[in-house]
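Student: I'd like to go through this model with you, one piece at a time. Can we do it as questions and answers?

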Amino acid sequence: MTVYRELGVRTLINAKGPATRLSGGIMRPEVATAMTEASQACVDIADLQAAASRIIAEATGAEAGYVASGASACLLIGAAACITGLDPGRMARLPDTSGMKNECVMVRSQRNFYDHAIRATGLAIVEVGLPDRYAGAGVRDAEAWEIEDAITERTAAVFYVADQQARPPLNEVARAAHARGVPVIVDAAAQLPPQGNLRRFIAEGADLVAFSGGKAIGGPQASGILAGRRDLVMAAALQHLDLDVFWDMWDPPATLIDKRRLKGAPQHGIGRSCKAGKEEIAGLLTALRLFIAEGDAARHARWLADCETVAAALQGLSVTLTGGDDIAAVPCVVIQPDPARLSARDLCLRLQTGDPAIVLDPAGRDQGLVTVNPMCLRPGEARTVGDAIRRALVES
Ligand SMILES: *Cc1c(COP(=O)(O)O)cnc(C)c1O
């Protein structure tokens with residue numbers, strides 16, 4: 001690949017999935033073409049975001065949508081929107097939240113590295129629930145009443161991280177928050193597939209939801225979707241767009257920004273550093289269309305075929321195929337190397353320093369497991385991965 005050769009950077013085979021550390025996944029040619037085409041003409045970026053809003057609204061069932069540089073960026077501008085509303089003065093003062101609602105309620109067991117995006121706006125996270133894993137007294141985690149109890153007049157939002165295991169259920173959290181007039185922001189960055197999750201969190205009561213553009217959707221690595229209430233998306237847009245405008249000449253698209261609701265033009269906001277260019281927006285919208293058109297069943301079959309190729313190369317070794325009969329799951333191949341010969345850790349290391357370099361998922365290494373995730377494999381690579389693992393396990 002010429003560009004990487006010129007830069008002196010080696011490419012890798014990504015058998016771990018769309019990790020940002022590994023530069024995400026592989027875009028379809030149609031997505032790359034959309035980005036190239038978008039790069040060849042200038043547009044008013046707010047008009048392009050208004051088109052994105054319409055398309056995202058259709059795909060998610062939300063009132064409005066927006067594109068920023070990742071799910072993390074979308075969480076940041078979504079949180080900012082919940083603090084400021086449509087007040088340009090407040091927007092200008094962030095992350096100084098003096099005199100504003102400056103707390104965000106979150107279930108303690110959902111705390112994670114990405115909640116930095118929420119804290120970056122000036123919000124303090126108020127943790128609730130005690131996921132007691134040590135006393136052996138049962139793991140109850142947080143309950144909806146605890147969230148409701150933690151909401152005060154300082155609460156700007158409830159922040160919820162979607163996951164199959166997430167407790168309490170989102171609809172209960174939304175009911176508790178809405179009873180106190182507080183919006184719920186959902187981090188659903190990696191919750192696709194299944195495709196139904198594009199609509200699910202909004203349907204369950206989320207006021208804002210963030211999805212990664214660069215994960216299963218297959219859009220540009222530096223893109224993310226924010227979907228939700230029209231007024232909150234408007235507040236997020238106003239803190240993200242470049243607002244080097246003259247008020248009397250500024251005519252933003254009314255479906256995204258209702259100028260009549262503003263007392264003046266905000267300045268560049270806290271989200272200005274989460275920029276998404278026309279190329280990312282066009283690429284993401286194209287990828288979203290293709291993601292929906294392909295459907296869970298065809299996508300699952302495509303991934304499963306790669307898993308079966310890897311598993312076939314490893315016949316006779318300790319290998320399990322997971323998620324093979326669940327089209328809502330990403331099927332994976334899980335390998336259990338004989339630790340007396342080669343540990344899970346050393347298998348990963350050997351492949352990632354090999355030629356070609358292959359990155360496997362070492363998350364299960366403490367249980368002696370290595371995973372092959374097919375999401376970012378290119379045609380033909382499954383065979384290469386299977387053969388390389390076989391060589392490493394048999395020759396060691
Ligand atoms: C990947 C991920 C993010 C970040 O998404 P980006 O699109 O890379 O910004 C946030 N939260 C969770 C739970 C994730 O898995």
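Predicted model: local features only at pLDDT ≥ 70, side-chain atom pairs only at ≥ 80, totals over all residues.

Student: How many salt bridges does the count come to?

Tutor: Side chains of opposite charge can pair when their charged atoms come close. The rule here asks for a side-chain nitrogen of Lys or Arg within 4 Å of a carboxyl oxygen of Asp or Glu. By that rule, the count is 22 salt bridges.

Student: Glu-127 and Arg-111 meet in a salt bridge; how many residues apart in sequence are the parts that the pair ties together?

Tutor: Their side chains meet at 2.6 Å, N to O. Helices (H or I, at least four residues) and strands (E, at least two) are DSSP runs, numbered from the N terminus. Glu-127 sits in strand E4 (residues 124-128) and Arg-111 in the loop between strand E3 (103-107) and helix H6 (116-119), so the pair ties together parts whose separation in sequence is 16 residues.

Student: Is Glu-153 buried or exposed?

Tutor: Buried means under 20% relative accessible area, exposed over 50%, and partly exposed in between (1.4 Å probe, protein chains only). Glu-153 forms a salt bridge with Arg-154 at 3.8 Å, N to O, and Arg-154 is partly exposed at 39% relative accessibility. Glu-153 itself has a relative accessible area of 61%, which makes it exposed.

Student: And what about Asp-207, buried or exposed?

Tutor: Asp-207 forms a salt bridge with Arg-229, with the closest N and O atoms 3.1 Å apart. Asp-207 is in the loop between helix H9 (197-203) and strand E7 (208-212), and Arg-229 is in the loop between strand E8 (224-228) and helix H10 (230-238), so the pair ties together parts 22 residues apart in sequence. Arg-229 is partly exposed at 29% relative accessibility. Asp-207, at 6%, counts as buried.

Student: Let's move to H10. Which residues of H10 are buried?

Tutor: In H10, 7 of the 9 residues are buried, so the helix is largely enclosed by the rest of the structure. The cover over them includes strand E2 (64-68), helix H4 (71-84), helix H5 (88-93), E7 and E8. The buried ones are Leu-232, Val-233, Met-234, Ala-235, Ala-236, Ala-237 and Leu-238.

Student: What is His-240 in contact with, leaving aside its neighbours within four places in sequence?

Tutor: His-240 lies in the loop between H10 and helix H11 (278-313). At 5% relative accessibility, His-240 counts as buried. Contact means heavy atoms within 4.5 Å. With those neighbours set aside, the partners are Gln-49, Tyr-66, Val-67, Ala-68, Ile-77, Gly-271, Arg-272, Cys-274, Lys-275 and Ala-276.

Student: How are H12 and H13 placed to each other, in terms of angle class?

Tutor: Helix H12 (residues 344-352) and helix H13 (residues 381-395) pack at about 125 degrees, with their axes 10 Å apart. Axes are lines fitted to C-alpha atoms, for helices over the stretch in contact, and angles run from 0 to 180 degrees between N-to-C directions. Angles under 35 degrees count as roughly parallel, over 145 as roughly antiparallel, 65 to 115 as roughly perpendicular and the rest as oblique. H12 and H13 are therefore oblique.

Student: Which residues make the contact of H12 with H13?

Tutor: From H13 come Ala-388, Ile-389, Ala-392 and Leu-393. From H12 come Leu-347, Arg-350 and Leu-351.

Definitions and conventions
Residues numbered from 1 in each chain as written. Heavy atoms only, no water.
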